[in-house]
Amino acid sequence: MTLKHLSQGPSPVLLELKNLSKSFDGHQAVRSVNLQFYEGEIFALLGGSGCGKSTLLRMLSGFETLTEGKILLNGEDIAAIPPYRRPFNMMFQSYALFPHMTVEQNIAYGLKQDKLKKEDIAKRVDDMLKLVHMESFRLRKPSQLSGGQRQRVALARSLAKKPKLLLLDEPMGALDKKLRGEMQLELVDIIKQVGVTCVMVTHDQEEAMTMADRIAVMHAGEILQIGSPHDIYEYPNCRYVADFIGEVNLFGGHIAEEEPSYVVINVPNLVAPIYIDHGISGPGGERPVSVAVRPEKVRLSDQQPDEQYNWGKGIIDDLAYLGQHSIYHILLPDGQFIQVTQTNDKRRERPFELEQEIFVSWSPDSCVVLEE
Amino acid sequence: MALFRAIKKRFVETGWLKQRNGVIAIPYLWLLLFFLVPFAIVLKISFAETEIAIPPYTDLATFEDGHLMIDLNLGNYAYLFSDDLYLTAYLSSIRIALVSTLLCLLIGYPMALAISRAPASTRNVLLLLVILPSWTSFLIRIYAWIGILKPNGYINNLLLSMGLIDEPIIMLHTDFAVYVGIVYAYLPFMILPLYANMMKLDHSLVEASSDLGASPVTTLFRIIVPLTKAGIIAGCMLVFIPAVGEFVIPELLGGPETLMIGKVLWEEFFNNRDWPVASAVAIIMLALLIIPIMWFDRIQNKQMEQA
């Protein structure tokens, strides 16, 4: 897999996780995870609560021991190295700034452990304060800072030692919604400026899509899919991923025709069968599958489409005008609802009315087959 | 009815019937009854003179022929400063209490830390083990130490039987035994406030310190100890203050040269039946203890303001 932001070919692998497992009292929190982190990338572990993403991060930082597996840093197993000797630094969800120390002392703390010279420490602290634009707050205590300022200090502290790997635990978890958007982009700017490899944990798919180069979606201790935000959104490989990332409409059906270049699927809910313009992998023959179609890829029309495939008929059950776009809930004959978003690109009255009969359609390249 | 309502309104406005005042009134009443009144009585006696009577001291105020005469005797205090037995006893009490407090801190801090870091189920058992001994009588527990420390007690017998010593070590009736007794008796008072304070400590701070490259020892002294300062001070106060006035432990375990103010007080009160001097001794002790209490109070207020 190549990275979008690195046009000059794939970067070398910095860290490799091999068969990583962790169980707590018989409960498997992480099940044989295999992952590679490339140098300079921002990698997001995405999943709901209890999916094992935080445990995985804590194994990287050294706070959790492994039940099984290897953590290879440039090919060397570091699983047995205690957290205070690992060249990794973490930005904690609560920031964990030392309340009895000033901003300056917090940033210098890690450097002092390395027994650096006083002037070197002072210089590095200055650089870090400049990097996060906190020069004028150096003598404040954490309790005298706002949430966003605390995050900057926490970031500066975790970058001060020039770690080989920066770990971010729910980086926006302690910020209010408005600040999140700003800080996400700023955090990415700073991380890219420093050039450090970064692994972050988040439950917020928007945050992962905004910040990360690659995302691994986790569920029940396992990694379901790894890919760029685009790959994960457009080509989810299973129902869970499709459902977790963004909104999705799922149609249950049976494969009617399967060829290397196309697939036809009969869906009882729709008038016309679904036609997909690419082959799917998996065992051949007639079998139940789900087809995922994103709400923004569905077209609405009051005219019956004259296509052979990819359309259905329903009634507008609910609609919400949100300014830049509108959301429609359409009731299909057997009671399934599908969601459709339409960009309000024309300044006209509502194009469709409640309870109106409506036709939904999409192009052959906008749906994905998910195995049951 | 209108009148009643007007009165009620007036009371509410002036705050007499406000619930808050009611809540504060109870502890204040308690302090007044059981602290201030006894204190006033002791203070009064300290200005009296001994007399062979019941009670064995003179009245401060007499009323004769329409004259109210108040007779304040400062002689008791003057006497305390004239005989350096009392000064030595005060200093020795403070020294013994200080050393005991330090020992309690050195032993109690790691114990409290271990309990607070233990898994939740073991934690309660460990806490119970700390508190459990205090369910038996204090006197019996101190008495038990006599059996352990005496020349033919458990420790000496064990060491003799192992051949480590040829003759019993004299431990009972020494200052050493007093330290053992005080540390043993007051250790829970050190551990409990420390434990409460450590439970409040955000564990991610400890992890952050480790993550930034600090060894466990550095983390202990740079992060955990400074952040549990309030618990350390509270524990030290809870040990130091009662230890200064301790009577039972030096009486049972200490020797003739163990001089503590609690013992002096007892002797003045019961052996010499000199209530006024005993009261003066108590008042001076209180004055000595009020200084650290006020200091503690100031630090606590400062921390409250910061939080």
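Predicted model: local features only at pLDDT ≥ 70, side-chain atom pairs only at ≥ 80, totals over all residues.

1. Chain A holds 8 helices and 20 strands. Along its principal axes, the C-alpha trace of chain A extends over about 75 × 50 × 45 Å. Of its 372 residues, 36% count as buried. When contacts in chain A between residues at least 6 apart in sequence are considered, 65% of them join residues at least 24 apart.

2. Division of chain A. The chain is split into domain 1, residues 13-241, and domain 2, residues 247-371. The C-alpha centres of these two domains of chain A are separated by 39 Å. How many residues of each domain take part in the contact between them? Domain 1 of chain A contributes 4 residues, and these meet 6 residues of domain 2 of chain A. On the domain 1 side, the residues that touch domain 2 of chain A comprise 3 nonpolar, no polar and 1 charged.

3. An unreviewed UniProt entry assigns the annotation "domain: ABC transporter" to residues 15-245 of chain A. In the model, this span is 36% helix and 27% strand.

4. A residue in helix α2 of chain A. Ala108(A) belongs to helix α2, which covers residues 103-113 of chain A. Is Ala108(A) buried or exposed? Ala108(A) counts as buried because 22 C-beta neighbours lie inside 10 Å, where the threshold for a buried residue is 20 or more. Apart from neighbours within four places in sequence, the contacts of Ala108(A) are with Ile121(A) and Val125(A). For orientation within the chain, Lys346(A) is 238 residues from Ala108(A) in sequence, and the C-alpha atoms of the two residues are 56 Å apart in space.

5. Strand β1 (residues 13-24) of chain A pairs with strand β4 (residues 68-73) of chain A in the antiparallel sense, over 5 bridges. Within this pairing, Leu15(A) has Leu73(A) in β4(A) as its bridge partner. Strand β4(A) also pairs with strand β5 (residues 76-77) of chain A, again antiparallel, over 2 bridges. Here Leu72(A) is bridged to Asp77(A) in β5(A). The hairpin of β4(A) and β5(A) has 2 residues between the strands, and Asn74(A) in this hairpin takes a positive phi near 50°.

6. An open sheet in chain A. In general, the strands of a sheet pair through backbone hydrogen bonds, either parallel or antiparallel. Which of these two arrangements applies to the sheet with the order β15-β19-β16-β17-β18 in chain A? The pairing is antiparallel, and 5 strands make up this open sheet. Strands β15 (299-301) and β18 (337-343) of chain A form its edges, each pairing on one side only. On average, neighbouring strands of the sheet are turned by 45° against each other, direction ignored. As one of its pairings, strand β16 (residues 311-321) of chain A meets strand β19 (residues 357-361) of chain A over 5 bridges, in the antiparallel sense. Gly312(A) has Val360(A) in β19(A) as its bridge partner.

7. Contact between chains A and B. The contact involves 16 residues from chain A and 15 residues from chain B. On the chain B side, the elements giving two or more residues are α9 (203-211) and α10 (216-227) of chain B. Helix α9(B) supplies the largest share of that side, 6 residues. By class, the side of chain B that touches chain A has 7 nonpolar, 5 polar and 3 charged residues.

8. According to UniProt (unreviewed entry), the feature "transmembrane region" falls at several spans of chain B, including residues 125-146 and 275-296. Residues 125-146 of chain B are 73% helix and 0% strand, with end C-alpha atoms 28 Å apart. Residues 275-296 of chain B are 100% helix and 0% strand, and their end C-alpha atoms lie 31 Å apart. In helix α13 (residues 261-271) of chain B, the buried residues include Ile261(B), Val264(B), Leu265(B) and Glu268(B). Just after α13(B), Arg273(B) takes a positive phi of about 50°.

How values were computed: Residues numbered from 1 in each chain as written. Chains lettered and ligands numbered in written order. UniProt positions renumbered as here; feature names shortened; annotations may be inferred. Helix = DSSP H or I, 4+ residues; strand = E, 2+ residues; numbered from the N terminus. Buried ≥ 20, exposed ≤ 12 C-beta atoms within 10 Å, placed from the backbone. Contact = placed C-beta atoms within 7 Å. Domains from an automatic or database assignment. Nonpolar A, V, L, I, M, F, W, Y, C, P; charged D, E, K, R; others polar. Pairing = 2+ DSSP bridges. Axes fitted to C-alpha atoms, helices over the stretch in contact; angles between N-to-C directions.
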